[in-house]
Amino acid sequence: MIPVKPLPAQIPKWQQLWRDSLRDPLELLEILGLTAFSDRISVKSGDAFAFRVPRGFAAKMRHGDIHDPLLRQVLPLTEEESLTPGYSIDAVGDLTARGATGVLHKYRGRALLVATGSCAINCRYCFRRHFPYAEETAAAGQWQEAIDYLRNDASIHEVILSGGDPLSLATPKLAQLTDALKTMPQLKRLRLHTRLPVVLPERIDAGLLEWLSGLPWPVTVVIHANHGNELGPDVGDALQRLRQAGTTLLNQSVLLAGVNDDLAVLCRLSESLHAMGVLPYYLHQLDRVQGAAHFSVPQERAIALHRELMAALPGYLVPKLVRETAGEPNKSPLY
Ligand SMILES: *Cc1c(COP(=O)(O)O)cnc(C)c1O
Ligand code: SF4
């Protein structure tokens with residue numbers, strides 16, 4: 001037997017796995033037996049928005065299939081270089097909704113805290129791929145400005161920890177943040193928007209669960225999966241642990257050409273989520289962000305798919321089809 005090298009005690013296993021992520025698209029193509037497609041990779045785009053994929057997520061991709069729906073979400077293709085009219089770098093008006101450093105306050109009663117700019121995976125369609133994280137995360141201001149802003153607005157009853165991915169912060173950091181939020185008497189609910197339970201399920205470790213179970217507010221965790229193939233048994237286990245810690249689980253997806261713009265794929269996604277104790281929440285029409293146009297699904301097609309989904313599934317397994325429009329008071333239904 002090969003002796004297993006012991007992990008340094010102070011580094012949680014998930015952080016070790018995160019560090020060990022794939023950082024080179026060509027390496028991923030090689031693992032998948034797809035080196036023949038190397039010329040479709042854009043080095044320029046990979047430099048502008050780094051390639052990063054946990055190995056566990058890559059392991060769920062099909063060998064030898066350049067059309068794999070998980071691969072498509074992470075591969076910096078040359079298509080990203082084409083400038084598309086109508087696509088901008090701040091597609092959803094984030095830079096004008098800034099309440100304080102790291103706070104986006106667009107909707108009544110709830111504010112979003114950009115807790116960190118880091119993610120465990122970099123999704124090519126991400127609407128925040130151009131967000132100036134270096135200056136605009138709450139962590140950059142040591143959270144004080146953000147916490148003061150939240151505390152001084154009596155109308156904010158829900159704080160959404162987002163990012164980036166809030167669960168890419170170490171658990172003691174998260175605890176520091178929620179300790180500060182405990183000084184907000186008006187806070188009724190806490191929400192986390194995170195893709196980590198899906199792309200790095202090892203993140204849902206004992207320390208995280210202990211932190212979650214000790215929070216004084218009802219906690220909703222909105223995960224982010226776009227395709228049923230992302231939901232392996234490891235993800236199912238992580239989600240079960242989150243439920244045992246008392247959180248409510250919802251999922252948001254982005255409708256993506258070549259990934260999930262298909263009735264059977266969307267049905268299977270909803271059914272797999274439900275089997276793992278998660279209800280579908282939103283199906284987002286792609287934000288028109290520069291470099292992501294190759295993921296765009298025309299509005300009529302999106303609506304037609306959604307109607308078919310309604311006819312195929314019980315109502316509670318049909319996510320709301322929405323788009324985010326700068327200046328609107330909520331995410332807007334497409335029809
Ligand atoms: C999407 C979003 C929310 C959450 O909206 P819900 O409809 O409550 O899920 C809150 N704040 C900001 C800035 C958002 O972009
Ligand atoms: S995990 Fe979420 S925030 Fe991070 S790159 Fe993917 S879509 Fe964007």
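Strands S1 and S2 make a hairpin with 2 residues between them, and in its turn Gly102 has a positive phi of about 85 degrees. Keep in mind that this is a predicted model. Further along, S6 and S7 pair in the parallel sense, and S7 also runs parallel to S8. Then there's ligand 2, which takes up the space of the largest pocket.

**The hairpins**

- S1 covers residues 98-100 and S2 covers residues 103-107; the two run antiparallel and are joined by 2 bridges.
- To spot this pairing in the structure, look for Arg98, which stands opposite Leu104 in S2.
- S2 has another partner: it pairs with S3 (residues 110-114), again in the antiparallel sense, over 3 bridges.
- Here, Tyr107 is the residue to look for, standing opposite Arg110 in S3.
- S2 and S3 form a hairpin too, with 2 residues between the strands, and Gly109 takes a positive phi near 85 degrees.

**Strand S7 and its neighbours**

- Is S7 mostly covered or mostly open? This strand, residues 248-255, is mostly covered, with 7 of its 8 residues buried.
- S6 (residues 219-224) pairs with S7 over 5 bridges, in the parallel sense.
- In that pairing, His224 stands opposite Gln252 in S7.
- How does the chain get from S6 to S7? It crosses through helix H11 (residues 233-244), and this β-α-β crossover is right-handed.
- S7 is also joined to S8 (residues 279-285) by 6 bridges, and these two strands run parallel.
- Another right-handed β-α-β unit is made by S7, helix H12 (residues 263-275) and S8.
- A general point for looking at any of these strands: in a regular strand, side chains alternate between the two faces of the sheet.

**Around ligand 2**

- Which residues surround ligand 2? They are Cys119, Ile121, Asn122, Cys123, Cys126, Gly164, Arg195 and His224.
- Sorted by class, this shell has 4 nonpolar, 3 polar and 1 charged residues.

Key. Residues numbered from 1 in each chain as written. Chains lettered and ligands numbered in written order. Predicted model: local features only at pLDDT ≥ 70, side-chain atom pairs only at ≥ 80, totals over all residues. Heavy atoms only, no water. Near = heavy atom within 4 Å. 1 Å grid on protein atoms, 1.4 Å probe; cavity = no way out; pocket = protein on both sides within 12 Å on 5 of 7 lines; lining within 4 Å. Sits in = over half its atoms within 2 Å of the grid points. Nonpolar A, V, L, I, M, F, W, Y, C, P; charged D, E, K, R; others polar. Buried < 20%, exposed > 50% of the residue type's maximum accessible area, 1.4 Å probe, protein only. Helix = DSSP H or I, 4+ residues; strand = E, 2+ residues; numbered from the N terminus. Pairing = 2+ DSSP bridges. Right-handed = clockwise from strand over helix to strand, strands pointing away.
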